[in-house]
Structures are given as structure tokens and as C-alpha cells.
Amino acid sequence: MAIEITNKIPGSQTQINPLDLNPSVGVGLSYPFNDGLHINYTTKDQIHDNLLNTLLTEPGERLLKPFYGVGLNSLLFEQKVDSNFVKEKIETAILSDSLLNSIKIENVEINFDRNDNKVNVKVEYISRLDKQRDAIEIN
């Protein structure tokens, strides 16, 4: 459930998750856990970290969720990878994740740099709650 707040623009409304109304209550854990555990205090930050976790997790890596994750790491050493196949994998994984049902995917960009053996992935999305755009870029 979200609370609707009227903006200064007549007729426009923004939804706020009730968890964001109390800034001292943690919403979830931030990701990655490189320097210990940190807590997210806004749903926007938690959605960002959930999306990053989904992108970086290999299918079969998570207990009791064998199909969770995109599996980008397994695609790094493939001889030929179609960017449309990767986009479809990303979109399918995000749509099947119940923690990411509050975002809408706007664009997925895949860039292969064959000279440096790199793959750049950029996922642009819009939050369904406050209609703000955000993006995650993995290099």
C-alpha cells in the first residue's frame, strides 16, 4: 500500500511507500557486502540493490530459488552472445522477481567491447511509486 501526496502541480500525485515515512526504520540490507553489512532506509535504495543483486546472481546460486538471477557471469566467456538474448534474460528475471514488481524497465543496453573483452550492461527503470527514473550500470 502506498500513500498518495498531491504535488504542487495540479492533478499530479506521487505515491510514497509507508516504509519511507519513518527514516529510522531499515527497509533492507544494502548490496554488495564488501565492507560489512549496511542498512537501506529508503525503498528507492532497496529497489536499486535488489535489482543489482538480481543482475549479479547466477541461476542456481540461491537456495530454494533455483531460477533466481540473470547469470551474466556465465555469459562472459561464451564465444558468441546475442545482445537480444541477454536483454530477454534480464527482462525475464526482473519480471519474475517479486521484490522488483514496483519498477518498470525502460531500456536495457548491452555493449560488447571485443578489444578489451568487456561487457557493459545498463538497465534503466522507472519506479512505479514516485515515477522517478534511475539506472544501474555494470562494467
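This is a predicted model: local features need pLDDT of at least 70, side-chain atom pairs count only at pLDDT 80 or more; totals for chains, interfaces and linings use all residues.
**Entry 1: terms and model**

I number residues from 1 along each chain as its sequence is written, and side-chain values rest on heavy atoms, with hydrogens and water left out.

**Entry 2: the chain as a whole**

I looked up the secondary structure and found three helices and seven strands in the protein chain, which in sequence order follow the pattern β-β-β-β-α-α-α-β-β-β. For burial I used relative accessible area, taking buried as under 20%, exposed as over 50%, and partly exposed as in between (1.4 Å probe, protein chains only). By that rule, 30% of the 139 residues in the protein chain are buried. The accessible surface of the protein chain is about 9500 Å², and 52% of that belongs to carbon and sulfur atoms; these areas come from the Shrake-Rupley method with a 1.4 Å probe, and for residues only the protein chains shown count as cover. I then looked at contacts, meaning heavy atoms within 4.5 Å. Among those in the protein chain between residues at least 6 apart in sequence, 29% join residues at least 24 apart.

**Entry 3: helix H1**

H1 has 14 residues and reaches 20 Å from its first C-alpha to its last, close to the 20 Å expected at 1.5 Å a residue; the expected span is 1.5 Å times one less than the number of residues in the helix. Ten of the 14 residues of H1 are buried, so the helix is largely enclosed by the rest of the structure. The buried residues of H1 include Thr-43, Ile-47, Asp-49, Leu-51 and Leu-55.

Where does Thr-54 lie? I found Thr-54 in helix H1, and Thr-54 counts as buried because its relative accessibility is 0%. Leaving aside neighbours within four places in sequence, Thr-54 is in contact with Tyr-68, Gly-69, Val-70, Ala-93, Asp-97 and Leu-100. I next checked polar contacts, a polar contact being a pair of N or O atoms within 3.5 Å, where within protein one must be able to donate a hydrogen and the other to accept it, and where residues adjacent in sequence count only if both atoms are side-chain atoms. The side chain of Thr-54 makes such a contact with the side chain of Asp-97 at 2.9 Å, and a polar contact of 3.0 Å joins the side chains of Tyr-68 and Thr-54.

Tyr-68 itself is in the loop between H1 and helix H2 (72-75), and it counts as buried because its relative accessibility is 9%. Not counting residues up to four places away in sequence, Tyr-68 touches several residues, among them Asn-50, Asn-53, Thr-57, Pro-59 and Asp-97. The C-alpha atoms of Tyr-68 and Thr-57, eleven residues apart along the chain, are separated by 7.4 Å.

**Entry 4: salt bridges**

How many salt bridges does a search of the whole structure find? The search finds three, a salt bridge being a side-chain nitrogen of Lys or Arg within 4 Å of a carboxyl oxygen of Asp or Glu. Glu-106 forms a salt bridge with Arg-133, the closest N and O atoms being 3.6 Å apart. This pair links distant parts of the chain, with Glu-106 in strand E5 (residues 103-113) and Arg-133 in strand E7 (residues 133-138), 27 residues apart.

**Entry 5: Asn-117**

Asn-117 lies in the loop between E5 and strand E6 (118-127), and it counts as exposed because its relative accessibility is 69%. The C-alpha atoms of Asn-117 and Leu-76 are separated by 8.4 Å, the two residues being 41 residues apart along the chain.

How values were computed:
Helices (H or I, at least four residues) and strands (E, at least two) are DSSP runs, numbered from the N terminus.
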